[in-house]
Amino acid sequence: MSALTPGQEITSLPGQLPPRLAEMIRRARERIPVGDAPVDRPFAPAATEAAADWLARLRTARAAHDAHALAWRAALDAAAAEITGATLADLLAPAAPVTRQVLDLPTPGRASLTGRLAALLPSGSPGGEGPSRPEDAVPVCVTAPQTPRQPAPVIVVLHGGAYWMGGGTVSSVTSRPLHDFLASQLGAFVLDVDYRLAPEHPFPASIVDALEVVDAIRRGISGLPLDPTRIAVVGTSSGGNAAAACALADAARAPARPLAALGLLVPSVDLTGPLTGDREQLLRAYAGDVARHDPWLSPAHHDALGTLPPTFVAEAEYDEVARGGSLLAERMNAQGGRADLRLYPMTHTAAEPAVEARMAEDLREFLASVFRPA
């Protein structure tokens, strides 16, 4: 979970970055100076601001931050190409063609699902799921092999973005190399979920949306040739928090067909540490008065981690924002689960292409080991 401007983190990192990574970040910051970043983060309306005016200001600010995130990724890619001669897209070029489409998955069970989760969620959650989308659907960007085997395994992806940004086309652009790689290498459908965002859709809206997508796959209403017995949920950063909570809630409601795997990439799953400034405001906008140590807000502290499916956890060695990945893995293994923890020499928002490619290959290998043949 990060409210920091991408690229800003190098000024607050512990220890010494690997020289090539530090140089890559320096060159990216020359292209996208920190001072050029948008500053407006209207996580709550002003005292006399009308709701419609606040929502308009929020959407404008979100669009500016999303655009900056895209520009930062492009600057990192350009710097990486200069230094290493390759980008992540070069290293993860799919072995076979993939297709892409955007679908709106219906959410007929959203209200009842929220009601069933009420017994699990903390009483301080800010008003349930928030206002519904007019279309009452969850948009997903689907990446798939051009000629998939049927039925195919499916990877439900929850993007990062500090709970309040990163939706729409942002994730499908910044994470496209990974999605293409996984779809091609595993013969899987990758469903990038455009879940509802805080603060207008606070906790647990993102978790409900993820569960709705899982339910749509199990009910066979996605219109895609998906195998309901081979579903993995993969989340990055704040999306890792939602992915872990989704998997825990799915296990708690005892489905007939459990998830096949969980993937957590630089996950923010322990929010108990001190927060200051806009990050504290953002977390309050997402979670309201929910205690930071509540296991649904900080899944690394959950007592039912042993009920999770086999889990891959990737931690960044120089991560100044996200916490709890190693704690979750250690506690999960102690509770009888299977968690595979890997550490990579990267920051929360920057990695050398070879390091990021190794993380992608490790995730692919892990998912291949749990996706049994149809």
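In what order do the eight strands of the open sheet lie? The views below start there.

View 1. The order is 1-2-4-3-5-6-7-8, and the pairing is mixed. Strands here are DSSP runs of E with at least two residues, helices are runs of H or I with at least four, and both are numbered from the N terminus; two strands pair if DSSP finds at least two bridges between them. Strand 1 (98–106) and strand 8 (339–344) stand at the edges with a single partner strand each, so one side of each has no neighbour in the sheet. On average, neighbouring strands are turned by 20° against each other, direction ignored. Please keep in mind that this is a predicted model, in which local features need pLDDT of at least 70 and side-chain atom pairs count only at pLDDT 80 or more, while totals for chains, interfaces and linings use all residues. Residues are numbered from 1 along each chain as its sequence is written, and side-chain values use heavy atoms, leaving out hydrogens and water.

**View 2. Strands 3 and 4 with the helices on the sheet.** Strand 3 (residues 152–158) and strand 4 (residues 189–193) run parallel, joined by five bridges. Leu158 has Val193 in strand 4 as its bridge partner. Helix 7 (residues 205–219) packs on the sheet, and the strands it touches include strand 3 and strand 4; its direction makes about 160° with that of strand 5. Helix 8 (residues 238–252) also packs on the sheet, touching strand 3, strand 5 and strand 6, at about 140° to the direction of strand 5. Contact means heavy atoms within 4.5 Å; axes are lines fitted to C-alpha atoms, for helices over the stretch in contact, with angles from 0 to 180 degrees between N-to-C directions.

View 3. Ala188 lies in the loop between helix 6 (176–186) and strand 4. Its relative accessibility is 0%, so Ala188 counts as buried (under 20% relative accessible area, with exposed over 50% and partly exposed in between, using a 1.4 Å probe and protein chains only). Leaving aside neighbours within four places in sequence, its contacts include Thr143, Pro153 and Leu182. The C-alpha atoms of Ala188 and Arg230 are separated by 9.6 Å, with the two residues 42 apart along the chain.

**View 4. From strand 7 to strand 8.** Six bridges join these parallel strands, and Ala314 has Arg342 in strand 8 as its bridge partner.
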